[in-house]
Amino acid sequence: MTREAPANDVDETQLEVGKPKSWAAGIPGVAVSLVRGMEQMGAARTVKTLRLLNQRDGFDCPGCAWPEPREVDGEHRKLAEFCENGAKAVAEEATKRRVGREFFAEHSIQELSGKTDYWLGQQGRITEPFVLREGASHYEPISWADAFTLVADELRALGDPNEAIFYTSGRTSNEAAFLYQLLVRSYGTNNLPDCSNMCHESSGAALAATTGIGKGSVTLADIHKADLIVVVGQNPGTNHPRMLSALEEAKGNGAKIMAVNPLPEAGLMRFKNPQNVRGVVGKGTPLADEFAQIRLGGDLALFQAIGHLLLQWEQETPGTIVDRAFVESSTEGFEDYAKHLREIDWAEVDTATGLPREQIERLARMIATSERTIYCWAMGLTQHKHAVQTISEVANLALMRGMIGEPGAGLCPVRGHSNVQGDRTMGIWEKMPESFMDGLDAEFGIKVPRDHGYDTVAAIRAMRDGKGKVFFAVGGNFASATPDTELTEKALKSCSLTAHVSTKLNRSHVVPGKTALILPTLGRTERDTQAAGEQFVTVEDSMSQVHTSRGRLAPASEHLLSEVAIVCHLAEALFGTGHPVPWRDFHTDYDLVRDRIARVVPGCHDYNARVREPDGFVLPNAPRDSRQFNGTANGKANFTVSGLEYPQVPEGRLLLQTMRSHDQYNTTIYGLSDRYRGIEDARRVVLVNPDDLVSLGLADGAMVDLVSEWRDGDRRAPRFRVVSYPTARGCAAAYFPEANALVPLDSVADKSNTPVSKAVVVRLEPLDSPS
């Protein structure tokens with residue numbers, strides 16, 4: 001399959017490559033934030049929005065889910081409690097640019113389908129609902145009432161509710177997510193794929209089995225108290241920049257930081273905090289005490305090797321490494337785990353990791369001597385075939401050392417989108433537990449289905465096979481976020497209806513079903529006024545803190561509806577006025593929604609009162625709060641035994657990871673500058689180790705097609721420019737969504753079904769000329 005390059009609305013021949021940076025943030029981060037704000041919002045709007053970003057009386061960042069400091073922990077928010085990419089996210093949403101009926105009259109669907117994600121996103125906010133009718137060449141305006149009727153008619157016409165697919169992105173508020181899953185289950189299906197399926201599903205699967213809860217076990221205050229912070233498969237300088245401030249504070253308190261990653265990331269090397277003098281005029285703070293440049297997919301072997309060394313040292317000096325009291329009282333499976341790791345094939349470890357033996361021993365010593373260790377990871381661990389096994393191996397190390405449920409110690413999956421964790425808490429999952437379903441039935445007097453629904457990969461297969469006929473999405477950019485781009489786009493186009501609740505244009509709008517709808521919604525930054533007055537919504541951050549978010553700007557158009565209102569109006573159109581759920585009441589007053597959340601969702605009692613506290617409230621977490629593991633089948637934390645796996649790469653091929661540039665968040669492209677990696681004005685680039693270029697006979701700057709090899713055939717992403725870069729030997733990297741075309745739909749992680757986007761076997765086919 002060949003994924004054609006999009007129309008050349010950006011001149012990538014102007015590519016500039018400089019030396020990668022050895023530090024992150026500083027004055028350039030501030031300057032870029034202000035420039036992007038001024039370009040999109042103007043001066044007054046920039047000041048108004050940024051001063052409210054992540055503040056108690058303001059709105060939650062629409063970007064990442066990194067938590068804010070809490071007064072109860074003795075910590076205080078800064079005047080500027082945001083990062084460069086958070087400022088960019090706000091500028092994108094609060095832009096003064098508009099996409100209205102004149103825009104769609106001018107641009108046909110054929111023309112728009114040839115544009116890049118960057119071009120589409122730069123056009124501005126969508127101002128009213130639009131429909132693309134079957135056989136039409138242009139989107140045209142449609143009233144809200146007619147739009148809801150169209151969706152309801154399509155859903156009622158299906159032979160089975162399971163022929164409908166309801167997608168959600170992580171930006172959706174708790175209130176909207178709770179109502180959305182309630183609508184979907186009232187309709188009769190559990191087809192609720194979401195962005196978690198593609199990102200941290202592996203974390204949830206591993207942690208649920210090992211500790212009993214699919215969430216992390218630390219708070220922000222724990223980060224500041226740690227002796228050692230292990231950061232694996234993560235680039236906080238770009239993806240979670242506010243994490244750098246937490247790492248800097250931990251360093252100031254004496255912590256050491258271990259970075260494990262195939263790419264040297266500037267944010268983990270040195271941080272110039274623009275909010276202190278050292279970061280403005282000084283050299284900043286060195287962060288990583290040890291950088292292990294591991295090969296892609298070698299983390300499982302690394303953590304098994306570290307476990308082997310820890311067990312060996314424990315045998316030599318009993319009682320110095322293993323927390324015997326904790327292991328014996330609170331865990332099961334240690335002896336099987338220890339027996340498995342007593343022997344290890346070091347040759348396999350060498351091949352899998354590419355790390356010197358002496359460095360692995362240094363890493364193990366750091367873990368052995370730390371009294372308070374936190375393990376942080378992101379998609380560099382979760383998007384591998386053996387991701388669940390790898391994260392379980394990380395948990396094994398924490399359990400062996402008793403590093404869960406103690407101050408400054410624990411497991412920390414650093415999730416991405418701002419409310420992706422809250423969506424799952426509210427029921428956005430294709431296989432919610434029986435207890436949650438029972439709660440819905442009892443609260444609303446309905447009977448929701450129990451059969452598990454489609455996750456993201458299964459949803460694409462269903463649409464491809466004609467089993468999924470209506471696709472409805474609240475937020476996100478499904479076409480660009482998912483794997484196997486050509487296949488996914490064909491699957492979407494085969495639907496009778498595709499409908500997207502969105503703020504701005506993206507690729508999903510221009511690969512429509514036979515009929516397509518764009519339903520424009522309020523953004524986080526905007527006032528939400530309903531019949532009962534001005535409303536707020538709530539979100540959950542990456543560390544289980546639930547808090548309010550209240551937009552302050554006037555809506556981009558008088559025709560926008562909130563996500564809550566859209567869900568409720570659709571439910572009224574679909575079910576009529578006699579439905580047991582009081583949909584109309586819910587969108588007039590969100591307190592009524594939170595009252596129901598309080599009675600259905602575990603840990604959310606007294607929701608309306610608790611969320612109005614200055615910092616909201618923290619959801620219960622038994623491993624963190626009391627070192628209890630009652631969420632597992634045996635009531636204990638479980639050690640896991642896994643075989644040593646790593647990707648096998650044929651001669652003459654490279655292992656490719658997809659990644660973000662510094663100028664994007666998820667599939668939203670803010671600009672064409674990957675400042676920390678020294679790449680400007682281009683996105684279709686592939687980063688390759690210079691020694692690999694020599695062995696492949698390729699020149700720095702050569703033009704190539706990227707071709708992924710999978711058992712069902714090749715996939716091709718054309719016209720990428722080679723950039724010599726100090727990545728690990730045998731490994732390469734390219735930006736998503738451009739490289740998603742290379743990820744096979746059926747290449748998924750064991751147990752979690754997450755697409756394997758960090759280990760794609762590719763060959764680089766040279767083109768004759770750069771023209």
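Student: Hi! How much space lies in the largest pocket?

Tutor: About 1,000 Å³. A pocket here is an open set of points on a 1 Å grid over the protein atoms alone, with protein on both sides within 12 Å along at least five of seven lines. The volume is the space filled by probe spheres set on the points, which are joined across faces, edges and corners. Keep in mind that this is a predicted model, where local features need pLDDT of at least 70 and side-chain atom pairs count only at pLDDT 80 or more, while totals for chains, interfaces and linings use all residues. Residues are numbered from 1 along each chain as its sequence is written, and side-chain values use heavy atoms, with hydrogens and water left out.

Student: Which residues lie nearest the centre of that pocket?

Tutor: Gly212, Ile213, Gly214, Lys215 and Trp429, out of 39 lining residues. Lining residues have an atom within 4 Å of a point.

Student: And which element gives the most to the lining?

Tutor: That is α9, with five residues. The elements that give two or more are α9 (201-210), α22 (420-425), α23 (434-444) and α31 (622-626). Helices (H or I, at least four residues) and strands (E, at least two) are DSSP runs, numbered from the N terminus.

Student: How does the lining divide into nonpolar, polar and charged?

Tutor: There are 17 nonpolar, 16 polar and six charged residues. Asp, Glu, Lys and Arg count as charged; Ala, Val, Leu, Ile, Met, Phe, Trp, Tyr, Cys and Pro as nonpolar; and the others, Gly among them, as polar.

Student: Back to α23. Which of its residues are buried?

Tutor: Phe436, Met437, Gly439, Leu440, Asp441, Glu443 and Phe444. Buried means under 20% relative accessible area, with a 1.4 Å probe and protein chains only. What covers these residues includes α8 (174-187), α22, α28 (583-588) and α29 (590-600).

Student: New topic: what is the strand order in the open sheet of six?

Tutor: The order is β6-β5-β18-β17-β16-β7, and the pairing is mixed. Each of β6 (140-141) and β7 (164-168) stands at an edge with a single partner strand, so one side of each has no neighbour in the sheet. Two strands pair if DSSP finds at least two bridges between them.

Student: What about β22, is it enclosed or open, and why?

Tutor: Five of the five residues of β22 (residues 545-549) are buried, so this strand is largely enclosed by the rest of the structure. β22 pairs with β21 (residues 537-540) in the antiparallel sense over four bridges, and Val537 is partnered by Ser549. In their hairpin, with four residues between the strands, Ser544 takes a positive phi near 70 degrees. β22 also pairs with β23 (residues 617-618), again antiparallel, over two bridges.

Student: How many cavities does a search of the whole structure find?

Tutor: Eight of 30 Å³ or more. A cavity is a set of points where a 1.4 Å probe fits but cannot get out.

Note on methods. Buried < 20%, exposed > 50% of the residue type's maximum accessible area, 1.4 Å probe, protein only. Contact = heavy atoms within 4.5 Å.
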